[in-house]
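User: I'm new to this structure and would like to learn how to read it. Could you walk me through a few features?

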Amino acid sequence: MMKMSAGDKFLQVIIYATLLLLGFITLYPFWNSLVISFNMGSDTALGGITFWPRSPTLDNYEVVFRDSRIGHAFLISIMRTIVGTTLSVMFTAILAYGLSRHELMGRKIYMVFCIITMYFSGGLIPTFLLLREFGMMDTFWVLVIPGMISVYNMIIFRTFFLGLPAGLVESARIDGCNHIGVLTRIILPISGPVVATLSLFTAVYHWNDWFSASIYINNPDLIPIQTLLKQILNSNIVTDQLQKAIGSSAAAQDRLALVQSVTSKSLIMATTMVATLPIIMVYPFLQKYFVKGVLIGSLKE
């Protein structure tokens, strides 16, 4: 190995120190929220909670999971993420495959039309009116169908497909395979990195999106977890959760100490962790695909 000069060593120290500082700035707010969620709320109100819980407790999470709305919203988010990601990746891949075929007449014009939608849209009100005319308001599908096609993801898919050997498609076509068969049997099975990366990006979008449900959904039974979390942050739903934790049964007095140890801040942090941790746990399983999958979009045709 080459010996580094003093200047190179100093530069390396600066780079590592900068990366450590950026990592700390990025991770500390999340860690602090996690610590507060495991600390007694009445103790958190005194201040001074930084890196470790001062009065560890699970009371905050007990109150959160007593509220049936949390579990139902969690289920809606899981269904939306699974269905939305599956449909989006499937239809985006179909569109990308069609635009990658040189025999498609006018494919460059179609590509221009797709790219225009990345910069210009009808706006919120026309979109709202369109979805209302289609009868999609207050339905589960209003959370899924509008995001079925992503032009950005389509460009990444298309760039990857253009980089595959042309002989793969030609040999399959000679053997009598139609285009759907070529895509599902030949192209997608060897497109693991890009499929995994775009699936993760799409899943993160569906899981974290709270705005769509707040605009198009009035039925409380269809509200996903992120929208419910937003409502908790902006309203008095926290008080309702505390009252539900007390209940009206004979054991109400036994639960009074539980509620007295919980505050709005600790309850909000616990709810935030419940809404955030599931999607974070997906990252380690798909991390190895990130570099290859993301860099595909930087290649030119």
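Analyst: Happy to! Keep in mind that this is a predicted model. Let's begin with helix α15, where S266, L267, I268, M269, A270, T271, T272, M273, V274, A275 and I279 are buried.

User: What span should the 17 residues of helix α15 have?

Analyst: At 1.5 Å a residue, helix α15 (residues 264-280) should span 24 Å, and its end C-alpha atoms are 24 Å apart, so the two values agree.

User: Which way do residues along a helix point?

Analyst: An α-helix has 3.6 residues a turn, so residues three or four places apart point the same way.

User: Which residues does T85 touch?

Analyst: Leaving out residues up to four places away in sequence, T85 touches R80, S199, T202, A203 and H206. For A203, the T85 side chain reaches the backbone nitrogen at 3.5 Å.

User: What volume does the largest pocket have?

Analyst: The largest pocket has about 820 Å³. Of its 26 lining residues, T117, S121, P146, G147 and I149 are the closest to the centre. Helix α6 gives the largest share of the lining, four residues. By class, the lining has 17 nonpolar, eight polar and one charged.

User: And how much space lies in the second largest pocket?

Analyst: About 170 Å³. Its lining includes Y97, R101 and F161, and α4, α7 and α8 each supply at least two residues.

Methods: Residues are numbered from 1 along each chain as its sequence is written. This is a predicted model: local features need pLDDT of at least 70, side-chain atom pairs count only at pLDDT 80 or more; totals for chains, interfaces and linings use all residues. Side-chain values use heavy atoms; hydrogens and water are left out. The expected span of a helix is 1.5 Å times one less than its number of residues. Buried means under 20% relative accessible area, exposed over 50%, partly exposed in between (1.4 Å probe, protein chains only). A polar contact is a pair of N or O atoms within 3.5 Å; within protein, one must be able to donate a hydrogen and the other to accept it, and residues adjacent in sequence count only if both atoms are side-chain atoms. Contact means heavy atoms within 4.5 Å. On a 1 Å grid over the protein atoms alone, a cavity is a set of points where a 1.4 Å probe fits but cannot get out, and a pocket is an open set with protein on both sides within 12 Å along at least five of seven lines; lining residues have an atom within 4 Å of a point. Grid points are joined across faces, edges and corners, and a volume is the space filled by probe spheres set on the points. Ala, Val, Leu, Ile, Met, Phe, Trp, Tyr, Cys and Pro count as nonpolar, Asp, Glu, Lys and Arg as charged, and the others, Gly among them, as polar.
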